[in-house]
There are 2 protein chains.
Amino acid sequence: MIWMTSPKGTIIVSEEVYYPAFSPNFPSLVAGLHGKKVAVWGHLRPDGDCIGSQVALVRVLRGMGVNAYAVNAHPIPYNLGAFVGDTPFFPPDSPDLPEADETITVDCSTLDRIGSSAASLKGKILLAVDHHISNPGFGLQNWIDTDSAATAEILAGVFCDCGVRMDATTAQALYVGIATDTGHFRYPATSHRVFSLCSHLLDCGARPAEAAHELFEKESIGRLRLLTLFLESLEFHHDNRVCIGFIRHSMFGETGTDRSQAEGFVDFPRSIDSVKVAVLIEEQADGSYKGSLRSKRPSVRVDQVAAAFGGGGHACAAGFECRSTLQEFKAKLLSLLEKTVSA
Amino acid sequence: MIWMTSPKGTIIVSEEVYYPAFSPNFPSLVAGLHGKKVAVWGHLRPDGDCIGSQVALVRVLRGMGVNAYAVNAHPIPYNLGAFVGDTPFFPPDSPDLPEADETITVDCSTLDRIGSSAASLKGKILLAVDHHISNPGFGLQNWIDTDSAATAEILAGVFCDCGVRMDATTAQALYVGIATDTGHFRYPATSHRVFSLCSHLLDCGARPAEAAHELFEKESIGRLRLLTLFLESLEFHHDNRVCIGFIRHSMFGETGTDRSQAEGFVDFPRSIDSVKVAVLIEEQADGSYKGSLRSKRPSVRVDQVAAAFGGGGHACAAGFECRSTLQEFKAKLLSLLEKTVSA
């Protein structure tokens, strides 16, 4: 709630309070960090929400006089590099990494997700900011809200609530975190709060078209070739309710790509009207198979199918690994899926 | 500006005014329409913004006691049908179409865009609502704002400004209009106002995930097969700065599709980092060719390349038709593009 004086007297400009449970704690948190070195950790194989949240929290803390910096066991993905600006990022084995007095994690559903440094930091995490339902609250303080579409949404909301000044790089990083974790505003967690916060982030300098350019218009020719081979492989089963696509290990060599570049391919079969479950089967270097399952609605439980192979996940998105022959494995998978898509 | 009474007395809740030039005219416009039959026309080959704007304006007027209905010379596309609800839509030749006392157009850049009825309606359009820069203002009243990303954005803003009650179907239709005309929040016109209005539309019942499902998860198998053939055809030229993809006429038969289902394919080559100009060449039934050109920035002028073939368009999106052989035509096109992408 912000008070302003108008020419006619004192009026209340009603502003939304986004995170009433977390925001009141932010000023004292920052006060306790002055004079300390603060590491802000993200998770392994970082995504847009992880990097965006690290960039934003580090920049805001530094802007408030705290010596904060980001630490990440895996490098920043090529399509997110443009959003980091001059934010200090370190790998954990860097000789330049300052020894942290305090540690904060963002977007890590368990402490293990930060990598091998987790063991030494158990019980010592000052604050965990996260939106994953599986987060047990491993921080001394926890800002965990599972109704939020992104960790960046929580940070953006707290910063707005507290009237924190955000520079354009911070606003853009938070925007990218929200945009990527909502499937660019397509997933069910896309809420009033998501759009309201995005409108604030644009006021602070976020640029959606530039973000989209970096995220979606910087593909490699190899990735498009890999996609072409994947689309050629599509098979339809069970009255077109199941669609399976294959990635043979040799395709990476043929197209000059690696595994990470198959990200999102399963959305192509999933986009088909008749398809209830889309499957991506990826042959591993050792000849085993990795399966990714996607359904369109939570009532079609792909986590149960994945569990039959020793895997797991969410109702709509699950995965597993398998060591049997492709033929055996596919027969078992199709048999399990037949029941699932007929339910 | 909305006045509310709080327990502490009368306070002003400051609300944004989105369209101060248009909104004050809405109440008198509606007052003048009572007792009349009002046709709300959209344009030929209607898109999400057109249908969404028609649905919303007709429903809001009907909610205010005006006998409004939508008229469209072309049918509602298959992927937009779910957003119409019980809004009355008529083709112009329907025996059930009421004879209109007043006519409003939405999203029509010229009156001709409504189709062959344009001649008889010249000079008689009560109101034109539009965001196209080429609109000459052919209405007696015009709500034309070229800074708006969508016609639906203008309508949503006026309705919010005027405190108009929107039902869930209206809010969803406006959301779909905004989402489709911003390239799902990717184009440069994606502004603070866009996100702010979307947050209001969600309060009124818009459902982004349901909209995304209808828009992006109802593809046909044929369209995915056509996409596969298109991706297989991609050729790279001029140091990978130009990418050309082909659609032979026979592909439609092979995949059980038609021309309309190649919509958006040119975005795949356009998504590649090195590509400055993406081209889709489509063989027509009569053996001639249709070219669609897309560049990533306005400084790479594809309209000038299209003009050399007698076509035209915008700086970043242009098209043309061509009757020469594919070999001749491709040689000329590549020669023109060499200069364009080197500039």
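Predicted model: local features only at pLDDT ≥ 70, side-chain atom pairs only at ≥ 80, totals over all residues.
Which side chain of chain B meets that of A:D273 in a salt bridge? The partner is B:K218, with an N to O distance of 3.9 Å.

**Interface between chains A and B**
- On the side of chain A that touches chain B, at least two residues each come from β2 (9–13), α6 (192–203), α7 (208–216), α8 (221–232) and α10 (267–270) of chain A.
- In total, 47 residues of chain A are in contact with 48 residues of chain B.
- The two chains bury about 4200 Å² between them, and 64% of that area is on carbon and sulfur atoms.

**Symmetry**
- Chain A is superposed on chain B by a rotation of 180 degrees with 0.0 Å of shift along the axis, at an RMSD of 0.2 Å.
- That is the relation of a two-fold axis.
- Both copies use the same surface, as 100% of the contact residues of chain A recur in chain B.

**Sheet of chain A**
- Six strands of chain A form an open sheet with mixed pairing, in the order β9-β10-β11-β12-β14-β13.
- β9 (235–237) and β13 (312–313) of chain A are the edge strands; each has a single partner strand, so one side of each has no neighbour in the sheet.
- β9(A) runs antiparallel to β10 (residues 242–247) of chain A, and three bridges join them.
- A:E235 has A:I244 in β10(A) as its bridge partner.
- Helix α12 (residues 326–342) of chain A lies across β9, β10, β11, β12 and β14 of chain A, at about 155 degrees to β10(A).

How values were computed
Residues numbered from 1 in each chain as written. Chains lettered and ligands numbered in written order. Heavy atoms only, no water. Least-squares fit on C-alpha atoms with pLDDT ≥ 70 in both. Contact = heavy atoms within 4.5 Å. Pairing = 2+ DSSP bridges. Helix = DSSP H or I, 4+ residues; strand = E, 2+ residues; numbered from the N terminus. Axes fitted to C-alpha atoms, helices over the stretch in contact; angles between N-to-C directions. Buried area = accessible area lost by both parts, 1.4 Å probe. Salt bridge = Lys/Arg side-chain N within 4 Å of Asp/Glu carboxyl O.
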